[in-house]
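Good morning, and thank you for the time. I would like to present one chain, from its overall fold down to single residues.

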Amino acid sequence: LFIIIIGNALAASSKYEAVTGFDLNRYLGRWYEIARLPFKYQDGLVNVTATYSLRDDGKVKVVNEGYKGTKEGNRSIAVGKAKFASSPDKGHLRVSFFWIFYADYTIIALDPDYQWAMVGSSNKYLWILAREPRLDKGILDSLISRAYEMGFDTDRLIFTHQEW
């Protein structure tokens with residue numbers, strides 16, 4: 001989500017692949033962050049969402065937002081852009097929130113109905129997203145298990161407080 005990673009030293013030792021059969025139009029819209037690995041740009045944020053929409057130039061507009069501490073806290077917002085890293089039917093994008101610097105945004109698990117997704121960027125960054133502020137515990141546990149098998153340090157997961 002709040003990806004502001006500079007450089008391209010990512011994913012060299014990753015144990016995951018991007019989903020295939022990806023449909024960007026179905027992915028567009030608002031996603032609620034369910035869990036994430038620690039990321040300094042998100043410290044203390046609640047009610048975290050990511051909203052994706054098409055831009056006039058064919059890229060994807062990315063709007064990440066959250067609130068510091070509580071839903072009444074200071075709003076944090078980051079607006080960026082994304083483009084496909086390769087084929088449009090593969091869930092591998094490159095995201096930029098800062099000038100020309102792009103980071104991998106790899107969708108590594110995706111519900112067939114686009115109701116939840118798991119996104120990785122190297123083995124250091126992970127986000128579990130859902131279309132609703134809550135995700136079924138069985139699905140969440142399954143995603144955490146898959147993330148662990150892919151090499152993510154799931155003991156460090158932060159479960160995002162959603163106060164809707």
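I shall begin with the basis of the model and then describe the chain.

This is a predicted model, in which local features need pLDDT of at least 70 and side-chain atom pairs count only at pLDDT 80 or more, while totals for chains, interfaces and linings use all residues. Residues are numbered from 1 along each chain as its sequence is written, and side-chain values use heavy atoms, with hydrogens and water left out.

The chain has 2 helices and 9 strands; helices (H or I, at least four residues) and strands (E, at least two) are DSSP runs, numbered from the N terminus. Read from the N terminus, the order of elements is α-β-β-β-β-β-β-β-β-α-β. The radius of gyration is 15 Å, close to the 15 Å from the globule rule for 164 residues, so the chain is as compact as a globular protein of that length. That radius is taken over C-alpha atoms, and the rule is 2.2 Å times the number of residues to the power 0.38. The C-alpha trace spans about 40 × 35 × 30 Å along its principal axes.

Let us turn to the interior. Of the 164 residues, 50% count as buried, where buried means under 20% relative accessible area, exposed over 50%, and partly exposed in between (1.4 Å probe, protein chains only). The largest nonpolar core has 25 residues, and Phe22, Tyr27, Tyr52, Tyr105, Ile107, Leu110 and Leu129 have the most contacts inside it. Such a core is a set of buried Ala, Val, Leu, Ile, Met, Phe, Trp, Tyr and Cys residues joined through side-chain atoms within 4.5 Å. Among the elements that each supply at least two residues of this core are helix H1 (24-27) and strand S2 (45-54). Apart from this core lies another, of 19 residues, including Met118 and Leu143.

Two loop residues deserve a comparison. Is threonine 154 buried or exposed? Threonine 154 lies between helix H2 (137-149) and strand S9 (158-159), and counts as buried because its relative accessibility is 13%. Leaving aside neighbours within four places in sequence, threonine 154 is in contact (heavy atoms within 4.5 Å) with Ile144, Ala147 and Tyr148.

Tryptophan 99, in the loop between strand S5 (92-98) and strand S6 (101-110), is exposed, because its relative accessible area is 62%.

That concludes my presentation; thank you.
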